[in-house]
Amino acid sequence: MTSQDRRDAAALLVLRLGLAWFMFLWAAHKLITPKQYQQLAKHFDGVTVEISQIYLAGSVQILLCLLAALGIFRFASYGALAVMHFYTITRRWEGFFDPFALNDKGFPIHRNQVIDLAVMGAFIALLLMIARDHWSAGGWLRRRVGPRWWQ
């Protein structure tokens with residue numbers, strides 16, 4: 001492995017762990033405050049979601065975050081987190097068209113949408129650079145046993 005390979009691997013490790021942590025926080029909050037997510041589903045999607053469904057969704061998301069953090073089933077785990085995040089972006093379009101909006105107390109109300117775009121860009125970069133993600137379980141296996149569909 002060249003020094004450039006090691007720098008790429010280190011950069012992708014930092015990116016992968018940061019994205020997994022970012023998504024983990026949202027998933028963990030589903031387990032900590034499920035009623036809040038129940039209200040959000042009702043407000044944004046107009047559906048009633050059972051608490052057990054929220055626990056199941058949060059648990060699956062936490063599992064995906066752990067797989068992504070370790071770099072296991074990289075295409076599936078990174079891709080699933082990216083799709084989940086993209087879904088969140090599609091639910092909040094209005095903020096992209098008025099990124100400098102302030103509430104009556106002068107607090108910016110759409111800055112999370114701007115952050116969402118940066119995170120989506122990071123997910124796209126991680127997926128595009130997956131072959132350079134050497135410091136992951138999938139990268140290690142790829143070097144040891146050759147490329148497989150699940151790496």
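The model is predicted.

In soluble globular proteins, nonpolar side chains tend to be buried together. In this model, the largest nonpolar core is made up of 17 residues. Leu19, Met23, Tyr78, Leu81, Met120, Phe123 and Leu126 are the residues with the most contacts inside this core. Two or more core residues come from each of H1, helix H3 (51-70), H4 and H5. Among these elements, H5 gives the most to the core, with 5 residues.

When residues up to four places away in sequence are not counted, Met23 touches Cys65, Leu81, Met84, His85 and Phe123.

A residue of another kind may be considered next. Is Ser77 buried or exposed? Ser77, which lies in helix H4, has a relative accessible area of 1% and is therefore buried, since buried means under 20%. Apart from neighbours within four places in sequence, the residues in contact with Ser77 are Leu64, Leu67, Ala68 and Ile72.

The residues that line the largest cavity are Arg16, Leu19, Ala20, Ala68, Tyr78, Leu81, Phe123 and Leu126. Helix H1 (3-32), helix H4 (74-90) and helix H5 (111-128) each supply at least two residues of the lining. The largest share, 3 residues, comes from H1.

The last feature is a pocket, which is an open set of points, whereas the probe cannot get out of a cavity. How much space lies in the largest pocket? The volume of the largest pocket is about 1100 Å³. Its lining consists of 35 residues, and Trp26, Lys30, Tyr37, Leu40 and Thr88 are those that lie nearest its centre. H1, helix H2 (34-45), H3, H4 and H5 each give two or more residues to this lining. H1 again provides the largest share, here with 7 residues. By class, the lining of the largest pocket divides into 20 nonpolar, 8 polar and 7 charged residues.

Notes: Residues numbered from 1 in each chain as written. Predicted model: local features only at pLDDT ≥ 70, side-chain atom pairs only at ≥ 80, totals over all residues. Heavy atoms only, no water. 1 Å grid on protein atoms, 1.4 Å probe; cavity = no way out; pocket = protein on both sides within 12 Å on 5 of 7 lines; lining within 4 Å. Helix = DSSP H or I, 4+ residues; strand = E, 2+ residues; numbered from the N terminus. Core = buried A, V, L, I, M, F, W, Y, C linked by side-chain atoms within 4.5 Å. Buried < 20%, exposed > 50% of the residue type's maximum accessible area, 1.4 Å probe, protein only. Contact = heavy atoms within 4.5 Å. Points joined across faces, edges and corners; volume = space filled by probe spheres on them. Nonpolar A, V, L, I, M, F, W, Y, C, P; charged D, E, K, R; others polar.
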